[in-house]
Amino acid sequence: MIALALPAAADEGGFVPPTLEDMHLPEVLPWAAEYGTGFGKQMLLVLLSVVLISWFFVAAARRGKLVPGKMQFLGEMSYNFVRNSVGKDIIGERDYRPFVPLLFALFFFILVNNLFGSIPLIQLPTTSHVGTAYALAGIVYVTWIVLGIQKHGIGYFKLAVVPSGVPKAILPLVVLIEIISTFLVRPVTHSLRLFATMLAGHLIIMLAAAGSEFLLTQDQLLLKPLGILTLAGGVGMYLFEILIQVLQAYVFTLLTAIYIQGSLAEEH
């Protein structure tokens, strides 16, 4: 809030807050090309996340021991968390096993790409770009619809939008609401929840950093304590953002499990 009020308090060279364009860096290939015209930092980080996740879990499982080492223990604990706390508890013990690889891949892919935003020098959560969130939500959207059709046939669409026990007088209205919320709103909110949270958090950190730098480099002595205050608030927001990055990976995966469970259920 202090940083936002700076233009009124500053001299001729007032504070200029960071914008969305500041996140759209020039492309890597061809070098320094306009954003969106080539291969950029976001795409590079997505590929890097796949390499890092693959390397870690292959290395953790390569030499399995009865008494696991640190890496094997961390790998097994991570896998068991997704397998049991998300897959088994939400989808159910009878049906969860085929979906563990999908849930596992989604959780750690989103987690690593979120945490990129908190790593110095990298400082870009790739999920803060809406295309990544849309792609992930699109995969999940197609998955639970296909599963519902495989389980129930074309009658799945009736099960999905016609709740049991609804009075006939209001049934048409309820069905319309269910169609909109299930097949239109659900995939949009699934993607935008991840994208908007990561974008907002990243912009807040950028704003706090830019405001702190501006205040601390001013000649007015009154502004320097405010710069320290803004910096302390920025550090607090940075730590809070790390928590949000982990939670968003969990929430996205949890919702995926809920949607899959709903497609397999016998009754809406």
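# Loops, helices and a core

Trainee: In which loop is Gln 123 found?
Mentor: This is a predicted model. In it, Gln 123 has a positive phi of about 45 degrees although it is not a glycine. The loop that holds Gln 123 is the one between α4 and α5.

Trainee: Is Gln 123 buried, partly exposed or exposed?
Mentor: Buried means under 20% relative accessible area and exposed means over 50%. Gln 123 has a relative accessible area of 47%, so it counts as partly exposed.

Trainee: What class does Leu 121 fall into, buried or exposed?
Mentor: Leu 121 lies in the loop between α4 and α5, and it has a positive phi of about 80 degrees although it is not a glycine. Its relative accessible area is 80%. The cut-off for exposed is over 50%, so Leu 121 is exposed.

Trainee: Which residue does a cis peptide bond join to Leu 29?
Mentor: The bond has an omega of about -10 degrees.

Trainee: Which element gives the largest share of the largest nonpolar core?
Mentor: This core has 47 residues, and those with the most contacts inside it are Ile 91, Phe 108 and Phe 252. Among the elements that give two or more residues to the core are α2 (41–62), α3 (70–91) and α4 (100–115). The largest share is 10 residues, and these come from α4.

Trainee: Which residues is Phe 108 in contact with, leaving aside its neighbours within four places in sequence?
Mentor: Phe 108 is one of the residues with the most contacts inside the core. With those neighbours left aside, its contacts are Ile 53, Phe 57, Ser 78 and Val 82.

Trainee: Which residues of α4 make the contact with α3?
Mentor: The axes of α3 and α4 come within 10 Å and cross at roughly 120 degrees, and α3 passes α4 in a right-handed crossing. On the α3 side, the contact is made by residues including Ser 78, Val 82 and Ile 91. On the α4 side, the residues are Val 100, Leu 103, Phe 104, Phe 107 and Phe 108.

Trainee: With which residue does Asp 95 form a salt bridge?
Mentor: The count of salt bridges comes to one, and in it the closest N and O atoms are 3.5 Å apart. Asp 95 is partly exposed, with a relative accessible area of 22%. Its partner is exposed at 69%, and that partner is Arg 94.

Trainee: How far apart in space are Pro 225 and Ser 212, C-alpha to C-alpha?
Mentor: Pro 225 is found in helix α8 (residues 223–264) and is partly exposed, with a relative accessible area of 49%. In sequence, Pro 225 and Ser 212 are 13 residues apart. In space, C-alpha to C-alpha, the distance is 9.9 Å.

Terms used
Residues are numbered from 1 along each chain as its sequence is written. This is a predicted model: local features need pLDDT of at least 70, side-chain atom pairs count only at pLDDT 80 or more; totals for chains, interfaces and linings use all residues. Side-chain values use heavy atoms; hydrogens and water are left out. Helices (H or I, at least four residues) and strands (E, at least two) are DSSP runs, numbered from the N terminus. Buried means under 20% relative accessible area, exposed over 50%, partly exposed in between (1.4 Å probe, protein chains only). A salt bridge is a side-chain nitrogen of Lys or Arg within 4 Å of a carboxyl oxygen of Asp or Glu. A nonpolar core is a set of buried Ala, Val, Leu, Ile, Met, Phe, Trp, Tyr and Cys residues joined through side-chain atoms within 4.5 Å. Contact means heavy atoms within 4.5 Å. Axes are lines fitted to C-alpha atoms, for helices over the stretch in contact, and angles run from 0 to 180 degrees between N-to-C directions. A crossing is left-handed if the near helix is turned anticlockwise from the far one by less than a right angle, and right-handed if clockwise.
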